[in-house]
Amino acid sequence: MQFIKCIASKPGLFENVTLNFSNKVNIIYGKNGSGKSLLAKGLIETIWGKFSKKNLLWDDTWNSIYIEVLFQIPPENKFQIRNN
């Protein structure tokens with residue numbers, strides 16, 4: 001699976017961030033408390049949370065976060081999922 005694009009928003013932390021991923025290694029960096037772990041958990045839960053009963057984020061967190069992910073499963077199957 002390859003991530004293509006992610007749009008995320010969390011008021012007060014990061015707003016309307018668009019990440020365009022390359023087909024190689026992607027590194028997300030920032031200061032402590034800037035939302036890197038929240039974004040990573042949100043990406044995982046947005047995609048795999050539909051198939052798993054385990055939640056990585058509290059329900060209260062999803063009341064203020066929006067994540068939209070576009071990903072591809074080779075060769076050419078593209079999917080877009082939103083979670084908020």
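Predicted model: local features only at pLDDT ≥ 70, side-chain atom pairs only at ≥ 80, totals over all residues.
Proline 75 sits in the loop between E3 and E4, and a cis peptide bond, with omega about 10 degrees, joins proline 74 to proline 75. Residues are numbered from 1 along each chain as its sequence is written, and side-chain values use heavy atoms, leaving out hydrogens and water.

Now for the overall layout. The protein chain has two helices and four strands; these are DSSP runs, with helices being H or I of at least four residues and strands being E of at least two, numbered from the N terminus. Followed along the sequence, the elements come in the order β-β-α-α-β-β. The C-alpha trace spans about 35 × 30 × 20 Å along its principal axes. For 84 residues, a compact globule would have a radius of gyration near 12 Å, and the 13 Å of the protein chain agrees with that. This radius is taken over C-alpha atoms, and the globule rule is 2.2 Å times the number of residues to the power 0.38.

How much of the chain is buried? Of the 84 residues, 30% are buried. Buried means under 20% relative accessible area, exposed means over 50%, and partly exposed lies in between, with a 1.4 Å probe and protein chains only. The accessible surface comes to about 6,200 Å², and carbon and sulfur atoms hold 52% of it; the areas come from the Shrake-Rupley method with a 1.4 Å probe, and for residues only the protein chains shown count as cover. Contacts, meaning heavy atoms within 4.5 Å, also tell you about the fold: among those with a separation of 6 or more, 41% are between residues 24 or more positions apart.

A salt bridge here is a side-chain nitrogen of Lys or Arg within 4 Å of a carboxyl oxygen of Asp or Glu. Arginine 82 pairs with glutamate 68, and their closest N and O atoms are 3.3 Å apart. Arginine 82 is exposed at 53% relative accessible area, while glutamate 68 is buried at 14%.

Leaving aside residues up to four places away in sequence, glutamate 45 touches Lys50, Asn55, Leu56, Leu57, Trp62 and Asn83.

Two aromatic pairs are counted. In one of them, the rings of phenylalanine 3 and phenylalanine 21 have centres 5.7 Å apart and planes at 45 degrees, so the pair is tilted. Rings of Phe, Tyr and Trp (its six-membered ring) pair if their centres lie within 6.5 Å; planes under 30 degrees apart are stacked, over 60 edge-to-face, and the rest tilted. Phenylalanine 3 is partly exposed at 28%, whereas phenylalanine 21 is buried at 16%.

Finally, visit asparagine 16 in strand E2. Its phi is near 50 degrees, a positive value in a residue other than glycine.
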